[in-house]
Amino acid sequence: MSSVWTRRALIAVLLAALVLCGILLFKLYERYAGEDSGSADIGGPFELVNQDGKTVTEADFKGKLLLIYFGYTYCPDACPTALGVMAAALGKLDVAGERVTPILISIDPARDTPEALKDYVAAFHPRLVGLTGSEEQVAKAAKAYRAFYQKQPGATGEGYLMDHSTLIYLMDAEGKFLTYFGPQATPDEVAEAIRRYL
Amino acid sequence: MNRRHLLLIAAACTLAPLAAAAHEFKAGDLVIHHPWARAGAQTRPGAGYVVIENHGAAADRLTGAESRIAEMVELHTHVMENGVAKMTQVEAIDVPAGGKAELKPHGFHLMLMGLKQPLAEGDTFPVTLVFERAGKVEVTFVTEAAGATESAH
């Protein structure tokens with residue numbers, strides 16, 4: 001009898017220790033994740049091709065704040081909305097908006113050739129840069145920004161849709177992450193946030 | 001700028017407010033407000049947005065749509081999963097009795113596929129909305145700027 005109770009007590013102590021360990025680990029994780037993941041890890045070097053067919057890297061964009069969105073030209077709803085918000089935010093900043101370069105990075109390079117991007121970006125903002133590249137180049141850029149994308153499962157032929165993350169990133173003049181905006185952000189909110197960093 | 005351009009601009013200025021003013025459609029208990037789409041330089045798939053009010057006591061459903069400007073019009077919704085946007089086709093969009101269905105950016109929308117020509121800002125085009133109860137209702141969509149995030153009307 002007593003050995004049963006001893007065993008139970010031992011199990012209880014072990015369980016309590018496990019829970020404590022768990023809490024401790026979680027707290028530690030929270031602390032470090034909070035420090036690192038939010039800012040320092042988003043962004044980085046990339047090599048892509050712009051709407052004029054010219055290969056560019058992050059170095060070509062230094063000196064201006066960047067508003068970056070990962071999307072694709074066959075995207076009927078989310079992308080035009082986000083690009084519209086970006087363009088409207090720059091419009092609200094007026095002359096100061098010229099210190100920001102808006103960029104669309106295609107996550108559908110198979111269909112988004114530089115030529116296809118050229119007309120597309122011009123329709124949103126005269127300075128909107130469209131970037132595409134090889135599958136590898138795009139994958140590398142998306143990874144740097146932790147942007148997710150995939151062709152919709154079961155999609156066949158040319159008319160497929162892409163699943164993709166829909167954040168708008170704001171980077172500083174050195175290409176370092178400042179903040180991001182979710183899909184519901186308004187032009188006013190985006191303009192206001194940019195103003196703080198100009 | 002020559003005289004023809006001026007005439008075109010004058011015509012656009014005269015017609016645009018008319019299109020905006022006529023921008024409500026009634027069909028039985030349904031009142032359909034501000035159907036709009038976005039301009040595009042190419043014939044990429046477009047999204048159509050509209051607000052449908054149901055003033056009746058019976059629920060209705062939007063079950064489909066068609067337009068001569070597109071090979072196919074599908075009903076789609078936009079689902080967010082862990083920050084990832086997924087577009088999926090839906091069978092129908094509910095228009096509850098005494099309520100409304102809102103087709104708007106980041107939500108339900110008509111997906112205009114296989115556009116026969118690019119949509120230009122200011123263009124209008126007909127779309128037939130198909131309802132379970134109200135039947136077929138033809139409305140006129142207005143094309144707004146490529147980056148429009150809500151209807152200007």
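**Figure 1. Strands β10(B) and β11(B) pair in the antiparallel sense in this predicted model.** To find your bearings along the pair, look for P126(B), which stands opposite T140(B) in β11(B).

**Figure 2. Strand β10(B) also pairs with β4(B).** Here the view moves to β4 of chain B, residues 60-66, and its pairing with β10, residues 124-131. The two strands are antiparallel and share 4 bridges. A handy landmark is A65(B), whose bridge partner in β10(B) is L129(B). When following the side chains, keep in mind that in a regular strand they alternate between the two faces of the sheet.

**Figure 3. N82(B) has a positive phi in a loop of chain B.** The phi of N82(B) is about 50°, although this residue is not a glycine. You will find N82(B) in the loop between β5 (70-81) and β6 (84-89) of chain B. N82(B) counts as exposed because it has 6 C-beta neighbours inside 10 Å, and the cut-off for exposed is 12 or fewer.

**Figure 4. H106(B) is another non-glycine residue with a positive phi.** For H106(B), phi is near 65°. Its loop is the one between β8 (100-103) and β9 (109-115) of chain B. With 17 other C-beta atoms within 10 Å, H106(B) is partly exposed.

**Figure 5. Chain B meets chain A.** On this view, 24 residues of chain B are in contact with 27 residues of chain A. On the side of chain B that touches chain A, the elements giving two or more residues are β3 (46-54), β6 and β9 of chain B. The largest share, 4 residues, comes from β6(B). By type, the residues on this side of chain B are 12 nonpolar, 9 polar and 3 charged.

**Figure 6. A strand of chain A pairs with β6(B).** Zooming in on the two chains, β7 of chain A (residues 162-165) and β6(B) run antiparallel and are joined by 2 bridges. One residue pair to look for is H164(A) opposite A85(B) in β6(B).

**Figure 7. Chain A contains 5 helices and 9 strands.** From the N terminus on, its elements follow the order α-β-β-β-α-β-α-β-α-β-β-β-β-α. Chain A has 198 residues, of which 38% count as buried. Among the contacts in chain A with a separation of 6 or more, 67% are between residues 24 or more positions apart.

Conventions:
Residues are numbered from 1 along each chain as its sequence is written. Chains are lettered from A and ligands numbered from 1 in the order in which they are written. This is a predicted model: local features need pLDDT of at least 70, side-chain atom pairs count only at pLDDT 80 or more; totals for chains, interfaces and linings use all residues. Two strands pair if DSSP finds at least two bridges between them. A residue is buried if 20 or more other C-beta atoms lie within 10 Å of its own, exposed if 12 or fewer, and partly exposed in between; C-beta atoms are placed from the backbone. Two residues are in contact if their C-beta atoms, placed from the backbone, lie within 7 Å. Ala, Val, Leu, Ile, Met, Phe, Trp, Tyr, Cys and Pro count as nonpolar, Asp, Glu, Lys and Arg as charged, and the others, Gly among them, as polar.
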